Amino acid sequence: MDQGNHTRVKEFIFLGITQSELSWVLFAFSFLVYMTTLTGNLLIMVTVTWESRLHTPKYFLLRNLFALDLCFSSITAPKVLVDLLSERKTISFNGCVTQMFFFHLLGGADVFSLSVMALDHYVAISRPLHYLTIMSKECTSLVVASWVGGFVHSIVQISLLLPLPFYGPNVLDIFYCDVPQVLKLACTDTFTLELLMISNNGLLSWFTFFLLLISYTVILMMLRSQAGEGRRKAISPCPSHIMVVSLHFVPCIYVYARPFTALLTGTAISVTFTVISPLFNPMIYTLRNQEMKSAMRKLKKQLGHSERI
């Protein structure tokens, strides 16, 4: 295509959310969900920071995960809330690129953080006497590495996408910007680039998910040799971790581990990405966690006492 006679598109139009009489209802529901997500993640972060008994590697990693979830939900939710009350739902080209950058930065860091949490659980079970010594030294480095990994993953996506010619179609059948949908709008053959991005996104998701499932299988097999209260305490986080890992990786694999041109964007998958996982992660990790619930009750009592004073 002769690119000299064309001007790069200045904005993209979202069709993922249609204007209807239910817009105000959807707005109220979405606002409630977003506020619940922010409150749940912030509450756990504050509790872990405030309660000295939770100043351990396990809860340091958990706080990092909830910080990621809080930021991740804020990439799309505010824009969706605005679009629900707008007749024309658009985003600028630069805004779209920025949204994709942070979407993959935080999403990639989330993936690596879940892997670090699995490593933490493995060390706690295999080296219980040396757990605090090992993880206290490496915890901060592992968190920084997960953020750096997310940054590298995201910058590769954007670097491959930016040089493409976007001169014609500008309609996205979704309510946020993501690589598969935007790539399909490029006015050139993107087959090779699509393979590179599937390798970067899809294969990474498959490989990490497979390794995590193996790691939790090994952990559960190791716990078979233990007995009593120690075994119960060690096995209790496993269902929560496996549930969160599945909730995160199954949609990732569905979206990124297949040809983008054949991808039928499902609203349910998109909602799982951007809404369900950040909303339910705090619930999943706290419902069976007696230490966290006890710390929250203690914090509530402390705040109530301060108000009476």
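Mentor: Start with the layout. From the N terminus on, the elements run β-α-α-β-α-α-β-α-α-α-α-α-α. That comes to ten helices and three strands. Both are DSSP runs, numbered from the N terminus: helices are H or I with at least four residues, strands are E with at least two. The model is predicted, so local features need pLDDT of at least 70 and side-chain atom pairs count only at pLDDT 80 or more, while totals for chains, interfaces and linings use all residues. Residues are numbered from 1 along each chain as its sequence is written, and side-chain values use heavy atoms, with hydrogens and water left out.

Now the interior. Of the 309 residues, 46% count as buried. Buried means under 20% relative accessible area, exposed over 50%, and partly exposed in between (1.4 Å probe, protein chains only). Of the contacts with a separation of 6 or more, 82% join residues 24 or more positions apart. A contact here is heavy atoms within 4.5 Å.

Next, the cavities. A cavity is a set of points, on a 1 Å grid over the protein atoms alone, where a 1.4 Å probe fits but cannot get out; lining residues have an atom within 4 Å of a point. Points are joined across faces, edges and corners, and the volume is the space filled by probe spheres set on them. Three cavities reach 30 Å³ or more.

Helices α2 (57-84), α3 (93-126), α6 (191-223), α8 (237-256) and α9 (267-287) each supply at least two lining residues. The largest share, seven residues, comes from α3. By class, the lining has eleven nonpolar, ten polar and two charged residues. Ala, Val, Leu, Ile, Met, Phe, Trp, Tyr, Cys and Pro count as nonpolar; Asp, Glu, Lys and Arg as charged; the others, Gly among them, as polar.

Stay on α3, which holds Asp110. Asp110 counts as buried because its relative accessibility is 3%. Beyond residues up to four places away in sequence, Asp110 touches Leu65, Leu68, Asp69 and His248. Asp110 and Ala67 are 43 residues apart in sequence, yet 9.8 Å apart in space, C-alpha to C-alpha.

Helix α4 (residues 131-161) carries Ser154. Ser154 is buried, since its relative accessibility is 1%. Its contacts, leaving aside neighbours within four places in sequence, are Met100, Phe101, His104 and Leu105.

Last, the rings. Rings of Phe, Tyr and Trp (its six-membered ring) pair if their centres lie within 6.5 Å; planes under 30 degrees apart are stacked, over 60 edge-to-face, the rest tilted. There are eleven aromatic pairs. One of them, Phe27 with Phe31, is stacked, at 6.2 Å centre to centre and 15 degrees between the planes. Phe101 and Phe102 are edge-to-face instead, at 5.1 Å and 80 degrees. Phe101 is buried, because its relative accessible area is 16%. Phe102 is partly exposed at 38%. Phe72, Phe103, Phe175 and Tyr176 form one aromatic cluster.

Note on methods. 1 Å grid on protein atoms, 1.4 Å probe; cavity = no way out; pocket = protein on both sides within 12 Å on 5 of 7 lines; lining within 4 Å.
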